[in-house]
Amino acid sequence: MTVTTSSALVPSANAGKWPALPALGNLDAYISAVNRMPMLTPEEELRYARALREHNDVEAAGRLVMSHLRVVVAVSRQYAGYGLPQGDLIQEGNIGLMKAVKRFDPDQGVRLVSYAMHWIKAEIHEYILKNWRMVKVATTKSQRKLFFNLRSLKQEIKAHQALSDGELYRISLTDSEIDQVADRLNVKREDVIEMETRLSGGDVMLDPTPADEESGPIGPIAYLGDHSHEPTVVLEARERDALATDGIQMALQTLDERSRRIVTERWLNVNDDGSGGMTLHELANEYGVSAERIRQIEVAAMKKMRKAMTA
């Protein structure tokens with residue numbers, strides 16, 4: 001991971017006291033450089049903070065930021081178990097540090113490091129929640145507290161049971177542990193159970209994975225898709241409905257009276273259970289011809305109707 005720094009944050013004075021950060025380099029080089037940055041004394045911190053607040057002194061802001069970069073590195077190590085690059089966590093923490101420096105009030109009687117911890121962690125938390133899963137697992141304030149505290153509790157269980165990172169998320173909390181977490185965070189027991197379920201789940205690819213020709217594609221996309229509202233399907237359904245009503249009636253009008261009655265009696269006057277309608281022999285007796293002749297008339301009539309419906 002490449003970590004970049006802005007030249008505006010590098011103080012111009014006392015270059016020997018403030019080692020320059022590498023503009024480009026690996027993460028180890030960056031961490032080594034920030035750990036060599038001298039810490040400010042309370043008097044220096046107060047002076048630079050007032051210079052920034054009262055005179056918008058950019059160089060003073062740079063000194064405050066540079067002297068606390070090591071704090072961001074230390075905080076980022078606490079979130080190494082989320083599977084996200086440490087370089088990304090550091091960069092997000094640096095954004096939180098710069099926000100803290102901008103908003104820091106030197107007359108409140110607290111050190112910058114205490115004030116900045118909130119902003120550093122807030123930015124790292126936001127980054128983790130956005131990137132840990134494709135689908136967000138926590139959106140409300142209580143859900144965010146649950147997300148990080150449940151994981152901390154499971155980390156303790158992992159330490160006692162020597163579990164791997166993959167096994168950590170499959171641990172189920174006992175009823176007493178669920179009640180303990182709910183009381184500690186002042187949330188409902190159901191919220192703890194729901195968040196634990198979200199943590200134990202995982203992202204699933206919607207695209208089907210390759211499979212043999214017999215079984216077909218495997219993946220949620222293969223059975224989650226709703227094809228009933230696709231334009232082609234809707235148009236086909238409308239055409240079928242039109243042919244089943246107006247289309248058949250129009251096609252019947254193209255037949256002579258005898259052919260029309262034969263088709264109607266054979267195919268349209270049928271009950272839902274398939275019964276009803278006249279047989280070939282019944283129609284043959286009525287018209288005084290053979291059953292084969294009735295069949296021939298029926299076939300010719302059906303061909304004529306099909307031609308009329310597709311015209």
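UniProt, in an unreviewed entry, puts a "DNA-binding region" at residues 280-299. UniProt positions follow the numbering used here, feature names are shortened, and annotations may be inferred rather than shown by experiment.

This is a predicted model, so local features need pLDDT of at least 70 and side-chain atom pairs count only at pLDDT 80 or more, while totals for chains, interfaces and linings use all residues. Residues are numbered from 1 along each chain as its sequence is written, and side-chain values use heavy atoms, with hydrogens and water left out.

Back to residues 280-299: the chain there is 85% helix and 0% strand, with its end C-alpha atoms 12 Å apart. Helices (H or I, at least four residues) and strands (E, at least two) are DSSP runs, numbered from the N terminus.

Now the cores. A nonpolar core is a set of buried Ala, Val, Leu, Ile, Met, Phe, Trp, Tyr and Cys residues joined through side-chain atoms within 4.5 Å; buried means under 20% relative accessible area, exposed over 50%, partly exposed in between (1.4 Å probe, protein chains only). The largest has 47 residues, and Leu64, Tyr79 and Ile128 are among those with the most contacts inside it. Helix H6 (residues 112-131) gives the largest share, seven residues. Domain 1 (27-132) and domain 2 (141-165 + 172-200) each supply at least three; these bounds come from an automatic or database domain assignment. Another core, of seven residues, lies apart from it and includes Met278, Ala284, Ala291 and Ile297.

Last, asparagine 56. This residue sits in the loop between helix H2 (42-55) and helix H3 (58-66). Asparagine 56 counts as exposed because its relative accessibility is 60%.
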